[in-house]
Amino acid sequence: SRQVYTRGIATNSIVGFILGLGDRHLNNVLIDKRTGEPIHIDLGVAFDQGKLLPVPELVPFRLTRDIVDGLGITGVEGSFKKGSEHVYRVLRLNVEKILGILNVLKYDPLYSWAISPVRKKRLQETENDNVSSKSNVEDDGSDAVRAVQGVEAKLNANGLSDEASVQELIQEATDYKNLGVIYLGWTPFY
């Protein structure tokens with residue numbers, strides 16, 4: 001169960017970072033009691049929209065003490081780090097396929113690339129808000145283009161190795177300066 005949990009956290013962390021997945025408070029990260037697998041729900045804040053909230057999310061993914069405790073005695077330095085490096089490497093090797101999928105989604109009329117101002121405000125006013133809402137903002141392609149470019153930039157990572165990129169992400173995710181200013185409803189102090 002611990003290995004399944006660790007692999008799941010590593011995968012969800014890196015994929016979530018690449019896609020800019022936000023709003024990862026404890027009500028949106030569930031654990032399967034039978035297998036130990038983490039299950040993420042409410043994926044309505046994506047493509048770095050969490051940085052645009054009234055209290056911006058500064059961490060790349062949730063790696064608070066409650067998540068790290070489940071990784072075992074090695075914490076982030078064991079299987080989590082190696083698994084994260086592997087996931088990052090696989091994503092980088094498949095950058096064309098990932099961008100191809102995202103480019104197709106740019107033209108999907110049912111997907112909203114921008115978070116609505118109402119949803120933005122409501123996300124941090126109520127701690128237990130797990131309801132997705134559609135944006136009232138017209139999608140002229142600029143939000144979609146910005147989102148795809150953000151994913152591409154993260155996958156290219158300015159020439160850093162997979163190991164260096166993952167180490168930097170872990171440092172950002174566990175930095176008390178970042179966690180100390182995050183929205184209280186995210187409960188980063190656990």
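1. The largest cavity is lined by Ile 9, Asn 12, Ser 13, Gly 16, Leu 21, Arg 24, Val 29, His 40, Pro 60, Phe 61, Arg 62 and Ile 67. Its volume is about 120 Å³. The model is a predicted one.

2. Helix H1, residues 2–18, contributes the most to this lining, with four residues. Over the whole structure, the search returns two cavities of 30 Å³ or more.

3. Arg 62, one of the lining residues of the largest cavity, also lies over the face of Trp 186, at 4.9 Å from the ring centre. A second contact of this kind places Lys 154 over the face of Phe 17, where the distance to the ring centre is 4.8 Å. As for aromatic pairs, the structure has zero.

4. Helix H3 runs over residues 79–93 and has 15 residues. From its first C-alpha to its last it reaches 21 Å, close to the 21 Å expected at 1.5 Å a residue.

5. Which residues of H3 are buried? They are Phe 80, Lys 81, Ser 84, Glu 85, Val 87, Tyr 88, Leu 91 and Arg 92. Viewed down the axis of H3, the buried residues fall within an arc of 165 degrees, so they line one face of the helix. In general, an α-helix has 3.6 residues a turn, so residues three or four places apart point the same way.

6. On the face of H3 turned away from the buried side sit the exposed residues Lys 82 and Leu 93.

Conventions: Residues numbered from 1 in each chain as written. Predicted model: local features only at pLDDT ≥ 70, side-chain atom pairs only at ≥ 80, totals over all residues. Heavy atoms only, no water. Phe/Tyr/Trp six-rings, centres within 6.5 Å; stacked < 30°, edge-to-face > 60°. Lys NZ or Arg CZ within 6 Å of the ring centre and 35° of its normal. Helix = DSSP H or I, 4+ residues; strand = E, 2+ residues; numbered from the N terminus. Expected span 1.5 Å × (residues − 1). Buried < 20%, exposed > 50% of the residue type's maximum accessible area, 1.4 Å probe, protein only. Arc of directions from axis to C-beta. 1 Å grid on protein atoms, 1.4 Å probe; cavity = no way out; pocket = protein on both sides within 12 Å on 5 of 7 lines; lining within 4 Å. Points joined across faces, edges and corners; volume = space filled by probe spheres on them.
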